[in-house]
Amino acid sequence: MAAELFFQDINVGDEIPMLVKKPVNKVQLVRYAGASGDFNPLHTDPEAGKAAGIGQIAHGMLIMGFVAEAVTNWVPKIYLRKFTVRFAGMTRPDDVITVTGRVTEKKQDSGSDIVKGELLAKNQKDETVIAGFFEAALPDKK
Amino acid sequence: MADKSMVNREFPPFTWEVERGKIRELVQAIGDKNPIYLKREEAVKAGYKDTPASPTFITVPMMWTNILIDVIKAVKINYAKVLHGEESYEYIQEIYPGDVLTGKIKVISIDEKSGKSGSMDLIRLETLYTNQRNEQVLKASTLLVERK
């Protein structure tokens, strides 16, 4: 559970705690297919990946899930207002994904205390697989 | 080439009942151990009514209802060549087990783009979800990329 977080405690430039995920494995991809309902064989069948000319790749939405995990380990999910990602690269079995992020903007807007930040998911070769953005409405310290 | 006459097309609404087990399965596949998704008492302690849907949960109704596949067929793009370009969410209200969601999906734009790896079609979709009380809960925006 994330500790209570207040608008006043946050500064532009603050980094969200880095999240290093376990290597993506093939069982996880099968599990994610079943959980999400995305049965595109590209993600679970190496032969289908080969036929498509790109090889077996993870669901982009699984990696978005990793990024969401990193954000909501820091800002309680109940405060999250917007979450956007651009899928910039493919993730393959055995890749190790690391998620980082930092606060880029703070503003008080019509009674809401808004914090915005940028997010990055990279693989073990330091290649970006997701570039993202979040916005959260945080409570005021009384 | 995707069928540009489909721009502004709204598809018939689809519905999905949110189950606690499906919320849990998704976070377990991701490896997200946040207890608010797993235990009702932990969720309540943290200020939720029940175990909330995780931030990417809305992919579940999208995929399990097959609506995305229907849209891909309707805009006449090749599923085998489609990659996910972007995904964006605006959270309006929490989604809980027992909620019955209705999604309305619309084709916003279809554009052709040439890049270093050849030309591609970019298909932008937006989906608005409401719950059983007809309250808006989430807006999703999806960019699909069809490689040529």
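Mentor: Let's say contact means heavy atoms within 4.5 Å, and that helices (H or I, at least four residues) and strands (E, at least two) are DSSP runs numbered from the N terminus. This is a predicted model, so local features need pLDDT of at least 70 and side-chain atom pairs count only at pLDDT 80 or more, while totals for chains, interfaces and linings use all residues. Residues are numbered from 1 along each chain as its sequence is written, chains are lettered from A in the order written, and side-chain values use heavy atoms, leaving out hydrogens and water.

Start inside chain A: A:Gln28, A:Leu29 and A:Tyr32 of H1(A) meet A:Met61, A:Leu62 and A:Phe66 of H3(A). The axes (lines fitted to C-alpha atoms over the stretch in contact, with angles from 0 to 180 degrees between N-to-C directions) come within 10 Å and cross at roughly 95 degrees. That makes H1(A) and H3(A) roughly perpendicular, a label for 65 to 115 degrees.

Now the chain pair: 35 residues from chain A and 38 residues from chain B take part in the contact. Buried area, the accessible area (1.4 Å probe) lost on being put together, summed over both parts, is about 3100 Å² here, with 57% from carbon and sulfur atoms. There's one salt bridge across the interface by the rule, namely a Lys or Arg side-chain nitrogen within 4 Å of an Asp or Glu carboxyl oxygen. A:Lys77 forms a salt bridge with B:Glu94, their closest N and O atoms 2.8 Å apart. On chain A's side, H1, H3 and strand E2 (80–87) each supply at least two residues that touch chain B.

Technical notes. Angles under 35 degrees count as roughly parallel, over 145 as roughly antiparallel, 65 to 115 as roughly perpendicular and the rest as oblique. Buried area is the accessible area (1.4 Å probe) that two parts lose on being put together, summed over both.
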